[in-house]
Amino acid sequence: MKAGSHLGKLKMLIMDVDGTLTDGKIYIGPQGELFKAFSVKDGYGIKLLREAGIKTAIITARVSEIVDIRSRELGIDEVVQGAENKLEKYEEIKRKYGLTDEEIGYVGDDMNDREILERAGSKFAVNNCAEELKPIVHFISRSDGGNGAVREIIAYILNNRNSES
């Protein structure tokens, strides 16, 4: 497959959170989750993607007010938290927006992302993803999750989306 040829129909990028938009560390105090660290670079990339007309979404297994706050700041179109079955939520988003698998890109880092990565038309992973994901994705960032990896993936998308099949 020619580099970027899978990007021609891309209309939405769906992202995991922990280990993808964050470094995967979860800081918990006596009152619950204290904080997560997000990369400003990833936020800027999401802004560029949205300016290019590509919708954005999050599917995460955890529930976090912090994710709601960051998603609102970035103008994320769809946020699904507490997803016990990520593939089911992926299918719901696909139906809601009238999209096909080929029109969706997905960024993940671990085995709970595999089923979606196998379905999505454009498949991305962060550098420190589970080894089992590496053979099935189109592009792996040089950076680890939470350290600008999503920004790298977005640069790849924007720089290659007009490649011919």
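This is a predicted model: local features need pLDDT of at least 70, side-chain atom pairs count only at pLDDT 80 or more; totals for chains, interfaces and linings use all residues.

Is Glu131 buried, partly exposed or exposed, and what is its relative accessible area?

A: Glu131 has a relative accessible area of 54%, and because exposed means over 50%, Glu131 counts as exposed. Its salt-bridge partner is Lys134, and the closest N and O atoms of the two are 2.9 Å apart. Lys134 has a relative accessible area of 28%, so this residue is partly exposed.

Salt bridges also link residues into a network: Glu91, Lys94, Asp101 and Arg119 are joined through shared partners. One link here pairs Lys94 with Glu91, with 3.1 Å between the closest N and O atoms. Both residues belong to helix H3, where Lys94 and Glu91 are three residues apart, about one turn of the helix. Lys94 and Glu91 are both buried.

Lys89 forms a salt bridge with Glu92, and their closest N and O atoms are 3.7 Å apart. Here Lys89 is partly exposed, at 22% relative accessible area, and Glu92 is partly exposed too, at 35%. The model has 15 salt bridges by the rule used here.

Six strands make an open sheet in the order S5-S4-S1-S6-S7-S8, and their pairing is parallel. Strands S5 (78–80) and S8 (139–140) stand at the edges; each has a single partner strand, so one side of each lacks a neighbour in the sheet. Further in, strand S1 (residues 12–15) runs parallel to strand S4 (residues 55–59), and four bridges join them. Leu13, for instance, has Thr56 in S4 as its bridge partner. Helix H5 (residues 149–160) packs on this sheet and touches S1, S6 (104–108), S7 (122–125) and S8. The direction of H5 makes about 150° with that of S7.

Finally, there is a hairpin to look for. Strands S2 and S3 form it, with two residues between them. S2 (residues 27–29) and S3 (residues 32–35) run antiparallel and are joined by three bridges.

Conventions. Residues are numbered from 1 along each chain as its sequence is written. Side-chain values use heavy atoms; hydrogens and water are left out. Two strands pair if DSSP finds at least two bridges between them. A salt bridge is a side-chain nitrogen of Lys or Arg within 4 Å of a carboxyl oxygen of Asp or Glu. Buried means under 20% relative accessible area, exposed over 50%, partly exposed in between (1.4 Å probe, protein chains only). Contact means heavy atoms within 4.5 Å. Axes are lines fitted to C-alpha atoms, for helices over the stretch in contact, and angles run from 0 to 180 degrees between N-to-C directions.
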